[in-house]
Amino acid sequence: MEKVAVIYGSTTGNTENVAQSIRELLGEDRADLINVASAGVEDFNRYRNLILGASTWGLGELQDDWDGKLALLKSADLKGKQIALFGLGDQQSYSETFLDGMGTLYETLLSCGVMPIGQWPSEGYSFGASTACVDGNFVGLALDEDTEPDKTEGRIRTWLKQLDTQWL
Ligand SMILES: Cc1cc2nc3c(=O)[nH]c(=O)nc-3n(C[C@H](O)[C@H](O)[C@H](O)COP(=O)(O)O)c2cc1C
């Protein structure tokens, strides 16, 4: 499989920790780790396969560093690339905007013509509304370090196994 870029935006470090775990589980030879805060357009253009991770802040807002890079993302050559998303949020305190940041990223990527992979079932979560949930599935891996940290590692491992069958 081609080398994957794991690109993340993180305000208090939760998404960064998950991105590091994903990279470790994939292996350093298979994945590069990039903080979106310092990413340039070439970091998106260089890879055919990408894993993008974002948390949600405010009331359903995309994490700040990602928000500042949306124009750059739109200017990148993403057409036809396989992109898997993971999102971090808090389903209890922010039940009505759970993982909306991942939803925003997904919408932007769709407008760029990417091939999204890595959808994840919403069963087992308890939330009111999420723009990251489409037809009963999350658009990417849904993680909640605030209220279900014990489930994170298992979810990541299961998702990565699933992704392995999806990369072309
Ligand atoms: C002020 C504040 C606002 C938040 N807003 C949301 C939200 O609207 N939706 C959500 O799912 N999570 C929300 N969260 C939870 C964060 O997304 C969660 O803590 C996440 O793990 C942070 O990841 P990071 O440290 O990588 O940025 C919020 C947290 C804080 C402290």
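Modeller: Start with Thr12: an N or O atom in its side chain lies 2.4 Å from an oxygen atom of the ligand. That is a polar contact, a pair of N or O atoms within 3.5 Å. This is a predicted model, where local features need pLDDT of at least 70, side-chain atom pairs count only at pLDDT 80 or more, and totals for chains, interfaces and linings use all residues. Residues are numbered from 1 along each chain as its sequence is written, and side-chain values use heavy atoms, with hydrogens and water left out.

Colleague: How far is the side chain of Thr97 from an oxygen atom of the ligand?

Modeller: The atom in question is an N or O atom of the Thr97 side chain. Its distance to the ligand oxygen is 2.8 Å.

Colleague: What share of the ligand's area does the protein bury?

Modeller: Areas are accessible areas from the Shrake-Rupley method with a 1.4 Å probe. Alone, the ligand exposes 650 Å². The protein buries 86% of that.

Colleague: Which residues come nearest the ligand?

Modeller: A residue is near if one of its heavy atoms lies within 4 Å. There are 20 residues around the ligand. The nearest are Ser10, Thr12, Thr15, Ser55 and Thr56.

How values were computed. Polar contact = N/O pair within 3.5 Å; in protein donor to acceptor, adjacent residues only side chain to side chain.
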